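Here is a short report on one model.

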Amino acid sequence: MAKGLDIHSLMKQSPNKAKDRTVWGLPLNGLWIPFFMGTNAVKESNIDSGSLGCPLRLSVDKDGVPKLKDDGSARYTVDKNISKAVNGVKDNIAFGLMAFTATIQKTHAEEYKAQVDAAQKAGETIREHEDTTLGAYLAELETMAAKGATIAEAPIESKSRELVPA
């Protein structure tokens, strides 16, 4: 385990952090920038220092006028070099996942097919339940509409029970 990392420190409540901009759902300054600095350090990438030092850039129109949000604050976008590098990582991850899946489909064909069959069977049960729930709700809406009621007056809570795994 890394020095200074133990279960106690993982479970300890941390103070609220400043919100970090996310790229592909991961923190820009907390993950991507340090990662790309590391990849630059070991010569795996060559992202320019300006992009790493100022990863958020003021958004401007084609005529150079800054773009503003609805609240009047400036709009920023992620630097194109950082964005391109993140997309490269994302594409490589996706390719790795697809390659893994193809390998498993070949080397464990029966087990994989069993997983597909089990998922399809479970999915059918869920879809049937949802179709029944939706059908009942739509029928109730039609009944209410025939009586002159509006959709806003329709009940929100479901009267059917939710499927729960055994």
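With which side chain does the side chain of Asp79 make a polar contact? The partner is the side chain of Arg57, at 3.3 Å. A polar contact is a pair of N or O atoms within 3.5 Å; within protein, one must be able to donate a hydrogen and the other to accept it, and residues adjacent in sequence count only if both atoms are side-chain atoms.

## Basis

This is a predicted model: local features need pLDDT of at least 70, side-chain atom pairs count only at pLDDT 80 or more, and totals for chains, interfaces and linings use all residues. Residues are numbered from 1 along each chain as its sequence is written, and side-chain values use heavy atoms, without hydrogens and water.

## Asp79

Asp79 sits in the loop between β4 (76–78) and α4 (80–107). Helices (H or I, at least four residues) and strands (E, at least two) are DSSP runs, numbered from the N terminus.

Asp79 counts as buried because its relative accessibility is 7%. Buried means under 20% relative accessible area, exposed over 50%, partly exposed in between (1.4 Å probe, protein chains only). Leaving aside residues up to four places away in sequence, Asp79 touches Ser51, Cys54, Pro55 and Arg57 (contact: heavy atoms within 4.5 Å).

## Helix α5

Helix α5 covers residues 109–146, 38 residues. Its buried residues include Gly123, Leu141 and Met144. Just after α5, Gly148 has a positive phi of about 95 degrees.

## Leu31

Leu31 lies in helix α2 (residues 28–41). Its relative accessibility is 34%, so Leu31 counts as partly exposed.

Key: The expected span of a helix is 1.5 Å times one less than its number of residues.
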